[in-house]
Amino acid sequence: MTSTQQSPSSPPHPPHAQGGGGHGHSHSHGPAAPVSKHLRKVIAAVLIPFSVAVVVGLVVLWPGGAPSHARTGVGFDRQTQQGTVTRVDKVDCRSVNASGDTPTGDTSTAEGRSAEQQAKGTCEKATVRVDGGKDTGHTFTEIVQPDSPRQLHENQKVIVAYAPDAPKELQYSVTDVNRRLPMSLLAGIFALAVVVVGRLRGVMALVALAVSFMVLTFFILPAVLQGSNPLVVAVVGASAIMLIALYMCHGPTARTSVAVLGTLVSLLLIGLLGSLFIGWAALTGNTDDSTGLIHGLYPSIDMSGLLLAGVIIGSLGVLDDVTVTQTSAVWELHQADPTMGRRGLYRAGIRIGRDHIASVVNTLVLAYAGAALPLLLLFSIAQSSVGTVANSELVAEEIVRTLVGSIGLVASVPVTTALAALVVSADRPGSPSAAAAGPARGGRGRRRKR
């Protein structure tokens, strides 16, 4: 295998005896970067100050934990415990409901049909045991109406809400189903699939994913709650996630650095466009119960800034995919034909990027549409026009989020391709650095094929 790897590079450079030595050194200490030393210094001159600025931002904005507040007992802001349904009995709805009369007497409406079922149907009386907290072992009853979307059964694990200010018999109620087991199993299957297919890269991707969640949980969310500017927090947090995830998954190479630069430029464009159009469209970011509760608990939070922060963080994951793919494509094209100039590399890379743009933008739009499907159904039921639907703030937020993110994705392809072509084409086939890097790149390519 050694002679096979040396043969393509040794004929063009017979005078350089050190080429063979460089080849052996690269295999013992990892493949050499396929760019000149000067360009590596240029890349470092850009990325090192940026990385230092990110670290400084993390230190300055580090919150040290989310601020405490008195629980409102509304929505997610409730005390909860684990519970188990120990018994379910069938009972006559009239014996457990305060009123069984239909509001209007008209059973053709949804309200009328529901009232009729509650008056004449069979309800379920579930006995639930509290499995945590100071009242462990305490039992209470939960009445489940026949038209309730969530029915209970014996031995089912549930989440119970605790209201300390309510009367003793009404302090506990079932608020949701405990889904920890199926969710944990699904996460385990996902991790196993990533490791089996990706091997070491898959393991590093999972570690990077865990780090991303840690940055989100311990920095971004508490810092926003403490009153820091959501946009600044999102930029610092997203930059930290980008640096950690890309270098951890793809290694500290010039190729990864180019992908980081392309991602950074695209994020800046997304931030500028998002700030412009969120302000121009007068989007408040306060459109549902969750955002209303956040604004009520923490009035100092800039909700429109929080919306922009969500746009930046939501775009980062797809941007990483596009920039890494484009950079790798240009590198592989250069390895296939080292004589190809930067213009040829850019043209070939942008042809690959056009296919990537079409699929990624469609994926992003469908992802947002799928998340907003119940809302779109409501507008469809109301027979609202497309203009009316698009003008509503709920939908306008998703449109701005989708279009701004998509523009950043589209821009990332030519930007990253141009950067990669500029960097990788700097080493000409006749240069000493190319002679040393050529065999290492060839060997690395053969190892990937195996």
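Me: What share of the chain's contacts with a separation of 6 or more comes from residues 24 or more positions apart?
Reply: In this predicted model, such residues account for 72% of those contacts.

Me: And how many helices and strands are there?
Reply: The chain has 15 helices and five strands.

Me: How much of the chain is buried?
Reply: Of its 450 residues, 36% count as buried.

Me: Which strands does S4 pair with?
Reply: S4 pairs with S1 (residues 79-92) in the antiparallel sense, over six bridges. Five bridges join S4 to S5 (residues 172-177), again antiparallel.

Me: What are the bridge partners of Val160?
Reply: Val160 in S4 is the bridge partner of Gln81. In S5, the partner of Val160 is Val174.

Me: Changing topic. How many salt bridges are in the whole structure?
Reply: A search finds eight. One of them is between the side chains of Glu124 and Lys90, at 2.9 Å from N to O. Glu124 lies in strand S2 (residues 122-130) and Lys90 in strand S1, so the pair links distant parts of the chain, 34 residues apart.

Me: Are those two buried or exposed?
Reply: Glu124 counts as buried because its relative accessibility is 10%, under the 20% cut-off. Lys90 counts as exposed, because its 60% is over 50%.

Me: What about Asp135?
Reply: Asp135 forms a salt bridge with Lys134, the closest N and O atoms being 3.3 Å apart. Asp135 is buried at 14% relative accessible area, whereas Lys134 is exposed at 65%.

Definitions and conventions: Residues numbered from 1 in each chain as written. Predicted model: local features only at pLDDT ≥ 70, side-chain atom pairs only at ≥ 80, totals over all residues. Heavy atoms only, no water. Helix = DSSP H or I, 4+ residues; strand = E, 2+ residues; numbered from the N terminus. Buried < 20%, exposed > 50% of the residue type's maximum accessible area, 1.4 Å probe, protein only. Contact = heavy atoms within 4.5 Å. Pairing = 2+ DSSP bridges. Salt bridge = Lys/Arg side-chain N within 4 Å of Asp/Glu carboxyl O.
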